[in-house]
Amino acid sequence: MNRRRTNHAGLVTVGAVLLASAAVAVAVPVSAAAAGCAVNYAVSSQWAGGFGAAVTVTNLGDPVTGWTLTWSFSAGQTVTQAWNTTLTQSGAAVTARNVDYNGSVATNGTVSFGFNGSWTGSNPAPTGFVLNGTACTGGVVPTASPTATASASPSASPSAAPSSSPTTTPDITVDTAGRYQTIDGFGAATSIWGGAWSTAETQTLVGLGQNQLGLSIVRTGVSPVSSEWSTHVNALKTAKSYGSGVKILASPWTAPAAWKTNNSRVNGGKLRTDYYDDYANHLNSYVQYMRGQGVPIDVTSVQNEPDWHPDYDSMDWSGTELQTFVCAQGARVQNTRLMVAEAVNLNYGYTDPTLNDSCARNNIGYIGGHLYGTESSGRLAPYARAAQYGKPVWMTEWNFHEADGSGSNIWGNPANLAVWNETLDDIMRTVHKSMESNWSAYIWWYGKRYYSFIGDGESAYGTTAGAPLKRGYAFSQYAKYVRPGYQRIALTKSAKAAPLEVTAYQGDGKITLVILNRSSSTVSNAVIQAPAQVATAAHYLTSQNANAAGQPVTVNGGRVTVTVGARSISTVVLTL
């Protein structure tokens, strides 16, 4: 898919955020007493006859599993669309229920959902909410919008670990005996139909220095016209030479029009079977051309989105056709590893046939899929058949930017709450879930775009061409510190750390933890227990008002103590 595609999951966070506060109750199970909760009801965008809203509830009581939130509109508003919830309306009464992935809310944890609605006359915020049958007695603290972004700063040099260890119960215990997938990297795509990244832009995206983002995979398109292959050579060569262990993924959107059943580059159309060998030679020619330019292509996809047939470059395949092609022609594509099938929502029907056939399976190295609809389809999860045959799973595209709104400079304004909420609750949350699903790579759509990692200079959105954006800094918390070849390892958490979403990785003599705190409460003095003495430690944090900024850290033997800010993503790097 390209940047024109809209997506239908996530928190409504668009335009200038107007907060309306209300007190609500969290009714917990009978065995646990509720202490209340706080809610932010945000009218985040409003136009003639319509509006968008976001609701964030903070649980101030005991943990809950499964929730139902109800309220009534006072001015005849009607809900038309919702996400991250199952929402129904009867007259003025509205009922929002959890979906399968957000039913549990820890103490001091939050849950968020959004909806679009219609209105006439006026659009006042609801003034009363009930959750799980209990009215609220707790207070509400509105969210304040910071006005400045803290510059990135290096972390303080930690002291060497003393020989003794404290007796405090750890909050996160790392277990190197539990081992999962090996990480291939985190990345983004070059422009598929536009200009190339400059040398400086490429260095910002793949570099490991200050204010650089550390991407380790670059995805690029394979044009059906060979004269266009040179467009991205310089950027790809820079990525390979300047970055550390950078891999290149090449994805074709279509074969030449004359080889297809519809004689067109667009609107799908199948590759004619009498051109299967020509298409394999076409892919091989691209790989060898790039190799001759000093750009080894590590992974070559057979087809981008074989199940999506839009009015731009595209080509239709079935899973069986992909299996037939890969078995018969895959060996023609040399000096690279093939990938199938980059289906829109990792539809197993496009990959199982290849995995189930030893001839085809032996000609591929990777399984690819896109994130559009994958979570709602239940496939943001381990892919057992791919694991059975040792084929790493890569998420190779997602483009989500519902926080556009109507206000100018929304993306270029680092204090904009809508952009940060979407980045943390949608983008970074799915990176975390992808890692927990044993996927080996996560690749965003365009690396250079006003809603992406570095700005493209579009004046309407207030970004500076080539300058890192908030979303880029957040993504770098994975990309820059979880390097290719690291292996995800197990961990356990205490009740204090329950609001934190944590994954841990081992490699290069280090243990790296990436921590999402999507709750509205800081987790202070969290103790991390390493499996060995820690020589040094560093802590970096990105939040609405900080960009990969160094944070205080204390080392004591095999334990490290950090404070994880509210609504943030952190990386803690332990050098053993």
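A contact here means heavy atoms within 4.5 Å. By that criterion, residues 24 or more positions apart account for 77% of the contacts in the protein with a separation of 6 or more. The model is predicted: local features need pLDDT of at least 70, side-chain atom pairs count only at pLDDT 80 or more, and totals for chains, interfaces and linings use all residues. Residues are numbered from 1 along each chain as its sequence is written, and side-chain values use heavy atoms, with hydrogens and water left out.

Start with confidence. pLDDT is the predictor's confidence in each residue, from 0 to 100. Its mean over the protein is 86, and 87% of the residues reach 70 or more. Residues 2-34 stay under 50, and the model gives them 136 contacts beyond four places in sequence. The stretch 139-165 is also below 50, with 70 contacts in the model beyond near neighbours in sequence. Where pLDDT is low, the predicted coordinates should not be read in detail.

Next, the overall make-up. The secondary structure comes to nine helices and 30 strands. These are DSSP runs numbered from the N terminus, helices being H or I with at least four residues and strands E with at least two. Of the 576 residues, 57% count as buried. Buried means under 20% relative accessible area, exposed means over 50%, and partly exposed lies in between (1.4 Å probe, protein chains only). The protein exposes about 20,600 Å², of which carbon and sulfur atoms supply 49%. Accessible areas come from the Shrake-Rupley method with a 1.4 Å probe; for residues, only the protein chains shown count as cover.

Now go to strand E30, residues 568-575. Seven of its eight residues are buried, so the strand is largely enclosed by the rest of the structure. Two strands pair if DSSP finds at least two bridges between them. Strand E24 (residues 510-517) pairs with E30 in the antiparallel sense over eight bridges. Strand E26 (residues 536-543) is also antiparallel to E30, over seven bridges. Val572 of E30 shows both pairings: Leu513 stands opposite Val572, and His539 has Val572 as its bridge partner.

Helix H4 spans residues 319-329, and its buried residues are Gly319, Leu322, Gln323, Phe325, Val326 and Gln329. Their cover includes helix H3 (276-292), strand E18 (337-343), helix H5 (352-356), helix H6 (358-361) and strand E19 (364-370).

A disulfide is a pair of cysteine sulfur atoms within 2.5 Å, and a search of the whole structure finds one. Cys327 and Cys359 form it, with their sulfur atoms 1.9 Å apart. The link of Cys327 and Cys359 is right-handed, with 90° about the S-S bond. Cys327 lies in H4 and Cys359 in H6, so the pair ties together parts that are 32 residues apart in sequence. Cys327 is partly exposed at 27% relative accessibility. Cys359 is partly exposed too, at 30%.

Finally, some backbone details. The peptide bond from Val340 to Ala341 is cis, with omega near 0°. Ala341 lies in strand E18, part of the cover over H4. Glu305 is a residue other than glycine with a positive phi, near 45°. Glu305 sits in the loop between strand E17 (299-301) and H4, and counts as buried at 1% relative accessibility. Asn211 likewise has a positive phi, near 60°. Its place is in the loop between helix H1 (199-206) and strand E15 (217-222). Asn211 is partly exposed, with a relative accessible area of 35%.
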